[in-house]
Structures are given as C-alpha cells and as structure tokens.
Amino acid sequence: MASIRRTLSPYHDRQYQNGGGPYSPKLFSSPRHPSQLPEIAARVRGFLGYPPRKGQLGRRRAFICRCLLFFFLGFLLGLAPFNHHVNDGDDEDIRGRRDNFSFEIKPPLVNAHQKTTLNDVVSADEKSEALVDAVSLGLRFDLVPRKQLIVVTPTYGRPLQAYFLNRLGHVLRLVPPPLLWIVVETNPASMETAEILRKTGVMYRHLVCARNSTNVKDRGVHQRNTALEHIERHRLDGVVYFADDDNIYSLELFQSLREISRFGTWPIAMLAQSKNKAILEGPVCNGSRVIGWHTNEKSKRLRRFHVDMSGFAFNSTILWDPKRWRRPTSVPIRQLDIVKEGFQETTFIEQVVEDESQMEGIPPGCSRIMNWHLHLEAHHFVYPRGWLLQKNLDVVLPIK
C-alpha cells in the first residue's frame, strides 16, 4: 500500500510548524498552544466593571443591579428642568391653560393692529376686518361673485351693421365675466349676424322678433320687448342694459353697472340732429342721489324722466319677482309702442321706479361721460347682400 508521509521542511532554523506563520495569532486551543480568548474576555469584563465569574447567581445579581441603576438615573433625568425657569406668572398661565383645556378646535391667533375709537371700544365687524387685512397671502380671492350683466342689443340689416356689431362685440369681450349678450333681430334671422356673434367670443343668445316689421311703428321697441320676455321667462338674474349697436361705450361703464342694486342712471353725450353741436342728457346728481335732469330740447320737456335709452340699467329681478320690490301690480313691464317718439324711455322707467328716490346716479356725482350717441350712420346707402360682392370688378387702366 502507498503511504503518505509529511515532508519536513528543509529550513530547520524556523520555529513554527507547517501551516503556521510568524504573525498568525494562536486563537484556537490546542494541546501545545492554549487559546487566548478566555484571557481577553476576562480583561473586557474587568474593564466594564463586571465581577469575576463565580457562577450563574453572581451574573444574574450583577445584571439586576445595573438595570436598577439605569432606571434610577433615567427617572432623575426625566425630572430635571433643563435650564427652564418658571416664574409665578408662568405658573398661573399653566394652571389657567390646564383648567381651560378642551377638545374644541380654535383658529390660530393673528397679530393685527386694530383700529380703536376714543373709548377703546372696537366692534366685532371692525375686529374681523382688521384680522382679514393683516393677513396677506399674496393672492387675491374675490369672495363675493360679480353680478351678471345682461346686455340687450336690437339690430337689423343695414350697410354698417357688421361694423357696429363687431365694434360692440370687441368691447364686450374686454368686460370681465359673467356677461350675457342678447341680440334681437327682426324676422328672419340672418346667417351673417350669427357668424359675427360666433366669432366675438362673448356668451350670447340670438333671438328673433316675431312681429312683422312692416306693421310696426318702432322696430326697436318690439325687439327689446322680445328680450324682456326672454329674461322674464327664464328668470335670468343680473343687471339689464339696453345697448344699441351704433353707440360708443367705455369699459368703465360696464364696470359701474355691477354696482347697481335696483335702478341706475348716468348722463350721455349726444350729437344733435343738425350735427353741429353736442348736448348732454341725463341726471344731475349729488353724490349718488338724483336731484335733477339735463335737457335741451323743448319737445321733450314734458317727459317725466329725461334720459336716453342707453342711459339707464336696472335689476332683472324687477321683471319676474314683484314681491321682492313691492310692486303694486304684477303686470309685465314692457316698452310701449303707442306713445310718441322720444317718450318710450320715460314711460318704461315709470313702470320700474316711482320717483328719483329709488334711483342711483353713477358714477358718484354723475361727473363722467361713459357713452356717446353720435347718429353717424349714413342713410339711403345701398349695400350688397351678406356684405359681399358676388362679382369682382375688373378695372383696366391705360399706361401712358
């Protein structure tokens, strides 16, 4: 049989056996080299303060003693104030908070400078206003929604109809919403008007007056009555304003309309029929109170209220909620076709208000002109159907 023999190293001067090294620790026990682990463990236990091992009972006693010591130290540290000095006032405050403790959720306090009177008495409304003014979030939120403006415009086919509707549509597009533009045409409705309304970008309703225009004394009266019937039937809530398409309006006017609560009026600059002078028609105001009227034509001095059709606006609920405004009758409010020209405005206003005490002059003092009635339309002017020329005109110019 083959035998395996361990060869001896040819180097006889080394003092370690095969597999060992001069720097290899002898941690494992052997008959010749005992292990050093017990000696290292004893030194660590002595460094940590453990008593020498004399059995299982001594080890358990040392563990219990250290647990009690750590518990006692933690209890003392929990009672320490950590440099917090409590005064007498703080002590009373703490007691008050403890007595007034409840589960009710209260809003946080806000440091605000409140305005006080001479007697240092501030009402609850002033306190709330001061708190709201003191907190600035950088963003503005309108908590009160804007009133809807209901703009009624009667129109009919004529040479400058497209120009007038486009001009008024661009003005209404700049007015902040909500705004509803009610455009009323005589029968039949034209596709050209509908196309203009679609391109304006304004919320609109295109209505048609069913009355025959040939038998009507004043076309605009019945067109406005058609819009009033629509507002009353659908109970539209807002401020109604009759805006003719040939007038000129400022944005300030539409912003002032939202301040009307019942009936508002303002002065209008008009170009006389002779077109050689401008006249002023409308209220004379002391603040927002109407105290008189501007008038320049002798034929209209018999009117009760001297105002133009585009010089007033009113709350739409007057049409369909008579109990709110304590109207003596529930007869529908409409413009009259049986009166003379120039008296349609005053007869209509007499159905809405009783006297000047129920009117509001805007702006305060009625000191600004916000719309103009110029009468610049040319009469007896022929225009092509649909505002388009079917055939182009070819012009040949001779070259000299």
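**Close-up views of a predicted model**

View 1. Asp244 counts as buried because its relative accessibility is 13% (buried means under 20% relative accessible area, exposed over 50% and partly exposed in between, with a 1.4 Å probe and protein chains only). The model is predicted, so local features need pLDDT of at least 70 and side-chain atom pairs count only at pLDDT 80 or more, while totals for chains, interfaces and linings use all residues. Residues are numbered from 1 along each chain as its sequence is written, and side-chain values use heavy atoms, with hydrogens and water left out. Asp244 sits in the loop between β4 (239-242) and β5 (helices, H or I with at least four residues, and strands, E with at least two, are DSSP runs numbered from the N terminus). Its side chain makes a polar contact with the side chain of Arg224 at 3.3 Å (a polar contact is a pair of N or O atoms within 3.5 Å; within protein, one must be able to donate a hydrogen and the other to accept it, and residues adjacent in sequence count only if both atoms are side-chain atoms). Apart from neighbours within four places in sequence, Asp244 is in contact with Thr153, Pro154, Leu168, Arg224 and Tyr249 (contact means heavy atoms within 4.5 Å).

**View 2. Helix α7.** At its start, a side-chain oxygen of Asp218 comes to within 3.2 Å of the backbone nitrogen of Gly220. Arg224 is among the buried residues of α7, as are Gly220 and Ile231. Just after the helix, Arg235 has a positive phi of about 50 degrees.

**View 3. The open sheet.** Five strands with mixed pairing lie in the order β5-β12-β7-β8-β9 (two strands pair if DSSP finds at least two bridges between them). β5 (248-249) and β9 are at the edges with a single partner strand each, so one side of each has no neighbour in the sheet. β7 and β12 (residues 371-373) run parallel and are joined by two bridges; here Ala269 stands opposite Trp372.

**View 4. Strands β7, β8 and β9.** β7 (residues 268-271) pairs with β8 (residues 278-286) in the antiparallel sense over four bridges, and Ala269 has Leu280 of β8 as its bridge partner. β8 and β9 (residues 289-294) are also antiparallel, over five bridges, with Pro283 partnered by Trp293. Two residues separate β8 from β9 in a hairpin, and Gly287 in the turn has a positive phi of about 75 degrees.
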